[in-house]
Amino acid sequence: TSVITGTAQPQITRTSIKDVFINVPGPEIQNEIYMKLESALTQVTNASILSETIESQGASLRRSLLNAAFTGQLTKGVASV
């Protein structure tokens, strides 16, 4: 808020932020952050692939169960009891 100028239309100008300093971690810490993010991204990618596989297998199972139900294969054991 200290760098915002103007009242009717607030704005941030180059002049108002030229003396603002931002602490940036060194290369070693940046690399650690990068490695953690890369690991997390890999885990998310793997989870997404697994989720798609499970969804596909579930759809296949549903189709086979519906087929078995409509062809009477699910009631044969019940009928003979």
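The model is predicted, with local features requiring pLDDT of at least 70 and side-chain atom pairs counted only at pLDDT 80 or more, while totals for chains, interfaces and linings use all residues. Residues are numbered from 1 along each chain as its sequence is written, and side-chain values use heavy atoms, without hydrogens and water.

The protein chain contains three helices and two strands, in the order β-β-α-α-α from the N terminus. Because its radius of gyration is 30 Å, well over the 12 Å given by the globule rule for 81 residues, the protein chain is more spread out than a compact globule. Here the radius is taken over C-alpha atoms, and the rule is 2.2 Å times the number of residues to the power 0.38. Along the principal axes, the C-alpha atoms fill a box of roughly 85 × 40 × 15 Å. Helices (H or I, at least four residues) and strands (E, at least two) are DSSP runs, numbered from the N terminus.

Of the 81 residues, 2% count as buried, that is, under 20% relative accessible area, against over 50% for exposed and in between for partly exposed (1.4 Å probe, protein chains only). The accessible surface is about 7,600 Å², with 60% belonging to carbon and sulfur atoms; areas come from the Shrake-Rupley method with a 1.4 Å probe, and for residues only the protein chains shown count as cover.

Ile22 lies in the loop between helix H1 (14-17) and helix H2 (27-70). This residue counts as exposed, at 68% relative accessibility.
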